[in-house]
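Colleague: Could you take me through the pockets in this model, and then the residues around them? I'd like one connected account, with your cut-offs spelled out as you go.

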Amino acid sequence: MILACIGLGANLGRPDVQLQSAFDALGALAHTRLKSRSRLWRTPAWGPQPQPDYCNAAACVETALTPRAILAALLGIERAHGRVRGSERYAPRTLDLDLLLYGDAWIDEADLQVPHPRLAERAFVLLPLAEIAPQVRVPGANASVGELLARVDTSACQPWPGRV
């Protein structure tokens, strides 16, 4: 079994409900066990157009699936939650699932990059991930998730109000 870390985000509809449902879907994946999940965080949206804040979280799973199989499963979960992928980057979305880490693998392919290429610079990814996997080493970064978190500004991130 391999430890895989996944970033979750949504800012359309009921983002907190979408993420809770996505956690359930991750836990239901074949040959996979949901090991841990972070609380939900409210974070400002990235991108050029005004849009609602995001609800972000992270999950760690133990899996026998390959990186490609995990990616396909994540895309399927997104589609099941109404995600339509278009050409516009940083657009609002019902659900976004990113494969952040897959064991100590370093994958650099056109449609699959692990670790996630902007992992080390994004508080909205590092903050929830550090809750559940602070000691996990990030391949190529020569640092743990917790060490990377200490290097970014998290002041705009707040716990999501309501149920955690």
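Modeller: Here is a walk through the pockets first, and then through some of the residues and elements around them.

A word on ground rules: this is a predicted model, where local features need pLDDT of at least 70 and side-chain atom pairs count only at pLDDT 80 or more, while totals for chains, interfaces and linings use all residues. Residues are numbered from 1 along each chain as its sequence is written, and side-chain values use heavy atoms, with hydrogens and water left out.

Let's start with the largest pocket, which holds about 1,100 Å³ of space. It is lined by 42 residues, and Arg85, Arg93, Asp96, Asp98 and His116 are the closest to its centre. A pocket here is an open set of points on a 1 Å grid over the protein atoms alone, where a 1.4 Å probe fits, with protein on both sides within 12 Å along at least five of seven lines; lining residues have an atom within 4 Å of a point. Grid points are joined across faces, edges and corners, and the volume is the space filled by probe spheres set on them.

Which elements build that lining? At least two residues each come from β1 (2-10), β4 (54-63), α2 (67-80), β5 (96-102), β7 (112-114) and α3 (123-132). The largest share, 5 residues, is from β5. For these names, helices (H or I, at least four residues) and strands (E, at least two) are DSSP runs, numbered from the N terminus. By class, the lining of the largest pocket has 22 nonpolar, 10 polar and 10 charged residues. Here Ala, Val, Leu, Ile, Met, Phe, Trp, Tyr, Cys and Pro count as nonpolar, Asp, Glu, Lys and Arg as charged, and the others, Gly among them, as polar.

Now zoom in on Asp96, which sits in strand β5. Asp96 is buried, at 12% relative accessible area; buried means under 20%, exposed over 50%, and partly exposed in between (1.4 Å probe, protein chains only). Its side chain makes a polar contact of 3.4 Å with the side chain of Arg93. That term means a pair of N or O atoms within 3.5 Å; within protein, one must be able to donate a hydrogen and the other to accept it, and residues adjacent in sequence count only if both atoms are side-chain atoms. Leaving out residues up to four places away in sequence, Asp96 touches Gly7, Leu8, Gly9, Glu78, Arg83 and Arg85, where contact means heavy atoms within 4.5 Å.

Helix α3 also deserves a look. It is mostly covered, with 8 of its 10 residues buried. Those are Ala123, Phe124, Val125, Leu126, Leu127, Pro128, Leu129 and Ala130. They pack against β1, β3 (41-43), β4, β5 and α4 (145-149).

On to the second largest pocket, with about 180 Å³ of space. Of its 15 lining residues, Trp106, Pro115, His116, Pro117 and Pro139 are the closest to its centre. Two or more residues of this lining come from each of β6 (107-109) and β7. The classes here are 11 nonpolar, 3 polar and 1 charged. Pro115 has something else to show: a cis peptide bond joins Val114 and Pro115, with omega about -5°. Pro115 is in the loop between β7 and α3.

A search of the whole structure finds 0 disulfides, a disulfide being a pair of cysteine sulfur atoms within 2.5 Å. The nearest cysteine sulfur to that of Cys5 belongs to Cys60, 3.3 Å away, and Cys5 is in no disulfide. Cys60 is likewise in no disulfide. Cys5 is buried at 1% relative accessibility, and Cys60 is buried at 2%.

Last, some loop residues. His31, in the loop between α1 (15-27) and β2 (32-37), has a positive phi near 60° although it is not a glycine. His31 is exposed, at 60% relative accessibility. Asn142 has a positive phi near 55° and lies in the loop between β8 (137-138) and β9 (143-144). Asn142 is exposed as well, at 69%. Arg151, in the loop between α4 and β10 (158-159), is exposed at 58%.
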